[in-house]
Amino acid sequence: MKKSGMMLLLALAMTTVAACGSGGSTGGNAPSTGEKPATTTETKSNEAAADKKIVLGFSQVGAESGWRTANTDSIKSAASEAGLELKFSDAQQKQENQIKAIRSFIQQKVDVIAFSPVVESGWDTVLKEAKDAGIPVVLTDRSVDSQDDSLYETFIGSDFVEEGRKAGEWLVEKMKDETNVNIVELQGTTGSAPAIDRKTGFEEIISKDSKFKVVASQTGDFTRAKGKEVMQAFLKAQKDIDVLYAHNDDMALGAIQAIEEAGLKPGEDIIIISIDGIKDAFVAMTEGKINLVVECNPQFGPQLMDIIKDVVAGKEVPKRIAVEEGVFPMETAAEALPKRTY
Ligand code: GYE
């Protein structure tokens, strides 16, 4: 992918795999239920939707990272621009809050439900409830492990296994002259698709050479605070850490603080790889503190609104829509930084 070790793309491409159709239900309204996950309604008029605006219930994971904030902004502004009525709910990284929000959307008879599942498992019951109510569901960003893929219309999001592979491939090249490489891993939220897949993809590559050893691996819940805390523990317990692989930028940025406080140089004493590509990570790269960022693009709001319109209109949509992403080694950061939009 990036053998040259130099700059790469950031194209946004769509990959279609299979197709599936769906019909929407009739629109509802009724404001939020007052349940834990706060729901706000955002309205914007548009010519075509003068008498019947599509009502979208969206359950977001939370506000745990820079990536998530950018994703929320993209969805809110795209919904507004597309003339949809958005009922937005923040689950604060808790599955139970998402399930409550989805049930509330069903009660309110929204036209379509979209959500980014905080974890992969445990969705069949509530997805079945939506299906029985005739409300189509679109998965965004993270997928579910349900066997029955008729429970949702489509999944739009990144290929997290591929992101893990890209991180591993860069490291293999970077460490080609080393004989022993001790890696610590900061995992994302336990049970979430990106944590599972980014681990899998990375391991798939580094396991081909036994010189790579993951000496510690723990969740940092995708946040800076946890990333710092867990890195502090790693530094205490491990004498010789060569590499930090963080499943997102925020955890890497938290870990950098811990590394500096321990009197070590991030990016030199410990090679750092992270995923997402938020601006702060590019700044850290220009300062020599992060060595590689694998891009994960959160700005698929406009694409999502197009899909939602098609789903509600009963048109065929691809079952899987992937977002294609780039890889940025440290040397490319200064040039790329001004162009970063999240
Ligand atoms: O990498 C992380 C966020 O699901 C792709 O969630 C998303 C991940 C992203 O908290 O920063």
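Mentor: Before we look at the sheet, a definition: two strands pair if DSSP finds at least two bridges between them. Strands (E, at least two residues) and helices (H or I, at least four) are DSSP runs, numbered from the N terminus. The model is predicted, so local features need pLDDT of at least 70 and side-chain atom pairs count only at pLDDT 80 or more, while totals for chains, interfaces and linings use all residues. Residues are numbered from 1 along each chain as its sequence is written, and side-chain values use heavy atoms, with hydrogens and water left out.

Trainee: What is the order of the six strands in the open sheet?

Mentor: The order is β9-β8-β10-β11-β12-β15, and the pairing is mixed.

Trainee: Why is one side of β9 and of β15 left without a neighbour in the sheet?

Mentor: β9 (212-219) and β15 (327-329) stand at the edges and have a single partner strand each, so one side of each has no neighbour there. From one strand to the next, the twist averages 15°; such angles run from 0 to 180 degrees between N-to-C directions, with axes fitted as lines to C-alpha atoms, for helices over the stretch in contact.

Trainee: In what sense do β8 and β10 pair?

Mentor: Strand β8 (residues 181-187) and strand β10 (residues 243-246) pair in the parallel sense, over four bridges. Isoleucine 183 stands opposite valine 243 in β10.

Trainee: Let us move to β6. Are its residues Val137, Val138, Leu139 and Thr140 buried or exposed?

Mentor: They are all buried, with Val137 and Leu139 on one side and Val138 and Thr140 on the other. Buried means under 20% relative accessible area, exposed over 50%, and partly exposed in between (1.4 Å probe, protein chains only).

Trainee: Which strands does β6 pair with?

Mentor: Strand β5 (residues 112-115) pairs with β6 in the parallel sense over three bridges, and isoleucine 113 stands opposite valine 137. Strand β7 (residues 154-158) also pairs with β6 in the parallel sense, over three bridges. Across that pairing, leucine 139 stands opposite phenylalanine 155 and valine 138 opposite threonine 154.

Trainee: What do β5, α3 and β6 make together?

Mentor: They make a right-handed β-α-β unit. Right-handed means that, with the strands pointing away from the viewer, the path from the first strand over the helix to the second runs clockwise.

Trainee: Why is β7 described as largely enclosed?

Mentor: Five of the five residues of β7 are buried, so the rest of the structure largely encloses this strand. β7 also pairs with strand β14 (residues 320-323) in the parallel sense over four bridges, where alanine 322 is the bridge partner of glycine 157.

Trainee: Now the ligand. Which residues come nearest?

Mentor: Of the 13 residues around the ligand, Glu64, Asp141, Arg142, Asn248 and Asp276 come nearest. A residue counts as near if one of its heavy atoms lies within 4 Å.

Trainee: How far is an oxygen atom of the ligand from an N or O atom in the side chain of glutamate 64?

Mentor: The distance is 2.5 Å for glutamate 64, and for the side chain of arginine 142 a ligand oxygen lies 2.8 Å from an N or O atom.

Methods. A polar contact is a pair of N or O atoms within 3.5 Å; within protein, one must be able to donate a hydrogen and the other to accept it, and residues adjacent in sequence count only if both atoms are side-chain atoms.
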